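Reader: I am new to this structure and would like to learn how to read its ring pairs and its core. Please take them in turn.

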Amino acid sequence: LAGTDGDYTAPIFDSTGRLHANVSNTVTTAPGSAFSTAATPMEVASGTADAAAVGATAGLRLVGFSAKENAATAAAAEFIIRHGDDATDPPIAFVTLAADESVREFFGDAGIACASGVYIDRVSGTSHITVYTKTAA
């Protein structure tokens, strides 16, 4: 859709291929528009501890994430992506990984507003995560 402006509805599928939601957005791709730039990846190193993925940033949008369970001895892992900077902030996504599983989610080009930051609340297991963000003008 690069270079094509207009109203779009995009399906969001969960990791098993089931329809999770439909997201509608008006897309403006003109140079300098809020969503004409590529997302920025931020890696959250493999581990079991909670971690701040991205600090508070005006106009911050979470557009997706990639995660894998990677313990030395494979086991399930669970984490919550939160809007903020600690484990009590509002949840954005609940993620459960089976042993050796990896998942990817895309929240659309406009993403989810999270100006207070993105925080990884690890509930159990070992996970390696990359979040993809951009900032709206």
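**Aromatic pairs and the core**

Author: Two aromatic pairs turn up in a search of the whole structure. Rings of Phe, Tyr and Trp (its six-membered ring) pair if their centres lie within 6.5 Å; planes under 30 degrees apart count as stacked, over 60 as edge-to-face and the rest as tilted. This is a predicted model, where local features need pLDDT of at least 70, side-chain atom pairs count only at pLDDT 80 or more, and totals for chains, interfaces and linings use all residues. Residues are numbered from 1 along each chain as its sequence is written, and side-chain values use heavy atoms, leaving out hydrogens and water.

Reader: Why is the pair of Phe65 and Phe79 edge-to-face?

Author: Their planes stand at 80°, with the ring centres 6.3 Å apart, so the pair is edge-to-face. Phe65 and Phe107 form a tilted pair, 6.1 Å centre to centre and 40° between the planes.

Reader: Is Phe65 buried or exposed?

Author: Buried means under 20% relative accessible area, exposed over 50%, partly exposed in between (1.4 Å probe, protein chains only). Phe65 has 3%, so Phe65 is buried. Phe107, at 14%, also counts as buried.

Reader: Which residues have the most contacts inside the largest nonpolar core?

Author: A nonpolar core is a set of buried Ala, Val, Leu, Ile, Met, Phe, Trp, Tyr and Cys residues joined through side-chain atoms within 4.5 Å. The largest has 20 residues, and Phe65, Phe79, Ile81, Val118, Ile120 and Val131 have the most contacts (heavy atoms within 4.5 Å) inside it.
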